[in-house]
Amino acid sequence: MKLDKRLQADSKHIYELGESTLLLMNNSLVDWFMLVPRCDEIEFTKLTFELQTEILKEINLVAQFIQGQFSPDKLNIATLGNVVSQMHIHVIGRKFNDPYWPAPVWGQAGSRIYTDDQVTEIKQAFERFFATNDTQA
């Protein structure tokens, strides 16, 4: 499955899970991840129940990682697809002091791209987390 050009331009590859590719949105002002299921369907509800369940396990795994790694005040989980139709699920750790709170993260002015070292640290942290929690995904 080829990744949509906009998703590719706006994110960093973190990990290949069983059913999805895990991406990090390239804006370090918010702990913003995306799961991109490897399928042609654009609507989550049109997937088989079994595939929905597997992807939900991956969503929960990423949510647990965000909660443990970044200690958000709130988790946002969404599948919109209004701009990019390729199915992707946002899993976002929000903090009361993030620059966008309480507004949605989409379309906000101002961002701060991750350094290569920061991306490497997040990748390694997720790999360690996954190695001890892979029975859930």
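Tutor: Quick ground rules: the model is predicted, so local features need pLDDT of at least 70, side-chain atom pairs count only at pLDDT 80 or more, and totals for chains, interfaces and linings use all residues. Residues are numbered from 1 along each chain as its sequence is written, and side-chain values use heavy atoms, with hydrogens and water left out.

Student: Why is the Asp10 and Arg6 contact called a salt bridge?

Tutor: A salt bridge needs a side-chain nitrogen of Lys or Arg within 4 Å of a carboxyl oxygen of Asp or Glu. The closest N and O atoms of Asp10 and Arg6 are 3.7 Å apart, so the pair meets that rule. By this rule the count comes to 5 salt bridges.

Student: What makes Asp10 partly exposed?

Tutor: Buried means under 20% relative accessible area and exposed means over 50%, with partly exposed in between (1.4 Å probe, protein chains only). Asp10 has 30% relative accessibility, so it counts as partly exposed. Arg6, at 48%, is partly exposed too.

Student: How do you know that Glu16 and Arg38 form a salt bridge?

Tutor: Their N to O distance is 2.8 Å, and the cut-off is 4 Å, so they qualify. The pair links distant parts of the chain, 22 residues apart.

Student: Are Glu16 and Arg38 buried or partly exposed?

Tutor: Glu16 has a relative accessible area of 41%, so it is partly exposed. Arg38, at 36%, is partly exposed as well.

Student: Which residue forms a salt bridge with Asp98?

Tutor: Arg94 does, with the closest N and O atoms 2.7 Å apart. Both Asp98 and Arg94 are buried.

Terms used:
Helices (H or I, at least four residues) and strands (E, at least two) are DSSP runs, numbered from the N terminus.
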